[in-house]
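Welcome, and thanks for taking a look at this one with us. Please keep the viewer open while you read.

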Amino acid sequence: MKGLVIRNTGYSYTVKTDGTEEIYDCKVKGKFRIKGIRTTNPVAIGDRVEFVPQDTTDADIEQAHQGLITQLEDRKNYIIRKSTNLSKQSHIIAANVDLCLLIVTVTQPETSLTFIDRFLASAEAYNVPVMLVFNKVDLVRKENDSSDESEVDWQEYLDSVINLYENIGYTCRRISAKTGEGVEALRRDLEGKIVCLSGNSGVGKSTLINTLFPGLELRTSEISDAYNTGKHTTTFSEMYPTSYAPDGTPQWENGGLIDTPGIKGFGTFEMKKEEVGHYFREIFHFSHDCRFNNCTHTHEPHCAVLEALERHDISESRYNSYLSMLDDEDEEKYRAKF
């Protein structure tokens with residue numbers, strides 16, 4: 001049988017069958033894990049799989065149909081990051097997505113630009129379209145109204161960050177999941193798509209999902225006052241249908257929404273140094289005019305990227321993110337600053 005993986009608890013996978021849309025609780029066949037798949041999770045949310053139904057022998061257990069995943073279909077794309085544990089293996093966040101929403105906040109908590117750049121570079125490498133969604137714009141205005149003149153102009157900072165990424169070519173949306181500002185327009189962007197939501201803990205992913213699709217009723221959490229960081233409210237990845245028939249039947253053909261646990265760090269995995277610049281759109285654009293084909297854009301003479309940086313055609317923050325990925329050994333440098 002064939003189906004779509006819609007839930008991953010770390011040790012089992014929920015698979016929705018094609019056509020009948022029955023639900024199976026599946027395990028991965030033992031030898032499946034060693035067939036060249038070097039990740040902490042050989043199967044990810046959004047994967048298309050083949051599985052064999054398994055009979056439940058214990059009559060006292062009432063649960064969904066059981067199955068054994070035997071084959072993983074080719075992925076069209078996926079979001080992957082380096083695991084932040086000691087194994088340094090890769091972890092696939094989601095596969096076969098039409099759009100990834102990276103939820104960003106400039107305050108409470110502040111999402112670092114390095115984190116954004118690393119996420120975008122990985123998405124470029126694996127052909128995942130990304131939209132940057134700037135949440136909590138209501139807090140930006142509130143903090144600006146109460147700030148002293150010596151403090152940060154949060155509205156100006158928000159405008160400058162959005163301007164930076166829009167000039168590179170990324171679509172940006174300003175929203176407030178709390179007040180509903182901008183949410184209706186965002187909902188239209190998602191129609192008929194398999195969409196993955198990602199971002200740091202505390203940026204409001206669960207609140208946004210509840211505002212977009214009230215019937216899902218996901219748990220939300222307040223920001224920890226002590227550390228100005230987010231509490232993890234999503235402990236495993238899951239895909240939800242974005243619409244239902246009047247009788248309550250999920251209508252998967254109208255799209256799905258993947259919610260993922262909040263992440264603080266985003267390490268890139270198996271990205272060759274000479275390829276890193278290819279995944280920064282503006283650096284790749286100017287690199288065509290470099291004298292040397294193997295230019296690292298760090299010290300070479302007649303480097304078009306360094307010249308663009310000097311002219312401010314490439315932002316210093318983006319270039320610094322590029323440099324950090326060239327020397328990707330210190331895990332702490334890409335963790336969000338809380």
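Predicted model: local features only at pLDDT ≥ 70, side-chain atom pairs only at ≥ 80, totals over all residues.

Residues are numbered from 1 along each chain as its sequence is written, and side-chain values use heavy atoms, with hydrogens and water left out.

**Helix α3**

- Helix α3 covers residues 154–168, and its 15 residues reach 22 Å from the first C-alpha to the last, close to the 21 Å expected at 1.5 Å a residue. Helices here are DSSP runs (H or I, at least four residues) and strands likewise (E, at least two), numbered from the N terminus; the expected span is 1.5 Å times one less than the number of residues.
- Trp154, Leu158, Val161, Ile162, Leu164, Tyr165 and Ile168 are buried in α3. They sit on the same side of α3 because they cover an arc of only 150° around the axis. The arc is taken from the directions from the helix axis to the C-beta atoms.
- Glu156 and Asn167, on the other side of α3, are exposed. Buried means under 20% relative accessible area, exposed over 50%, and partly exposed in between (1.4 Å probe, protein chains only).
- After α3 comes Gly169, with a positive phi near 120°.

**Helix α4**

- In helix α4 (residues 183–190), Val183, Leu186, Asp189 and Leu190 are the buried residues. Their arc around the axis is only 110°, which puts them on the same side of α4.

**Aromatic pairs**

- The structure holds five aromatic pairs. Rings of Phe, Tyr and Trp (its six-membered ring) pair if their centres lie within 6.5 Å; planes under 30 degrees apart count as stacked, over 60 as edge-to-face and the rest as tilted.
- Tyr24 and Phe51 make a tilted pair, 5.0 Å centre to centre with 55° between the planes. Tyr24 lies in strand β3 (residues 23–28) and Phe51 in strand β4 (residues 48–54), so this pair ties together parts that are 27 residues apart in sequence.
- Trp154 and Tyr157 form an edge-to-face pair, at 6.3 Å centre to centre and 85° between the planes. Trp154 is buried, at 16% relative accessible area, whereas Tyr157 is partly exposed, at 23%.
- One aromatic cluster is formed by Phe280, Tyr319 and Tyr322.
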